[in-house]
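Subject: Handover of a structure

Dear colleague,

Please find the structure below, together with its sequence. A short account of the findings follows.

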Amino acid sequence: MDRAGTLDWGVRLLYLEAAGLAVLTAYLVILDLTSGEIEVAVAASLTVMAALAAVVVFLVARALGRRAVRARGPAVVVQLFLLATGGFLVQIGMTWQGVGMLLLAAVTAALILVPPSSRALGVD
């Protein structure tokens with residue numbers, strides 16, 4: 001199969017997103033353990049969801065890196081979630097973080113969907 005640099009960079013950015021989610025999970029664990037007044041069920045569920053998201057994005061990146069065409073759809077869905085989150089961050093005043101997330105999602109989705117990536121996945 002064709003080796004596409006665009007797909008390789010898209011996969012790298014997906015790994016970056018998974019690493020960011022892993023860091024968020026570690027931060028949430030620290031908050032869970034050090035916060036005085038905490039709603040345990042809410043804190044635990046948020047932490048578990050972040051951890052699961054990190055694992056899922058990592059698995060999607062790995063599958064896409066192995067040229068599994070079935071991973072392309074989930075990779076694009078991850079970017080749609082990031083676009084929504086980035087838009088929310090902009091709305092609540094966290095402009096730089098939101099714009100950064102919007103750019104990351106848009107670039108990653110574009111790299112995954114451009115024709116050279118499609119050819120590398122065998123989708124023509």
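Is arginine 67 buried or exposed? Arginine 67 is buried, with a relative accessible area of 13%, where buried means under 20% relative accessible area, exposed over 50% and partly exposed in between, with a 1.4 Å probe and protein chains only.

Before the other findings, two remarks on the source are in order. This is a predicted model, in which local features need pLDDT of at least 70 and side-chain atom pairs count only at pLDDT 80 or more, while totals for chains, interfaces and linings use all residues. Residues are numbered from 1 along each chain as its sequence is written, and side-chain values use heavy atoms, with hydrogens and water left out.

The overall picture is as follows. The protein chain has five helices and zero strands, and its elements run α-α-α-α-α from the N terminus on. Helices (H or I, at least four residues) and strands (E, at least two) are DSSP runs, numbered from the N terminus. The C-alpha atoms fill a box of roughly 55 × 30 × 15 Å along the principal axes. Of the 124 residues in the protein chain, 33% are buried. The chain exposes about 7,500 Å², and carbon and sulfur atoms supply 73% of that area, computed by the Shrake-Rupley method with a 1.4 Å probe, with only the protein chains shown counting as cover for residues.

Next comes a pair of helices. Helix 1 (residues 5-34) and helix 2 (residues 40-65) pack at an angle of about 160 degrees, with their axes 8 Å apart. Here axes are lines fitted to C-alpha atoms, for helices over the stretch in contact, and angles run from 0 to 180 degrees between N-to-C directions. The two helices are therefore roughly antiparallel; angles over 145 degrees count as such, under 35 as roughly parallel, 65 to 115 as roughly perpendicular and the rest as oblique.

Most residues other than glycine have a negative phi. Arginine 67, although not a glycine, has a positive phi of about 70 degrees.

Finally, serine 118 is found in helix 5 (residues 115-121) and counts as buried at 10% relative accessibility. Leaving aside neighbours within four places in sequence, serine 118 is in contact (heavy atoms within 4.5 Å) with Arg72, Leu113 and Val123.

Yours sincerely,
A colleague
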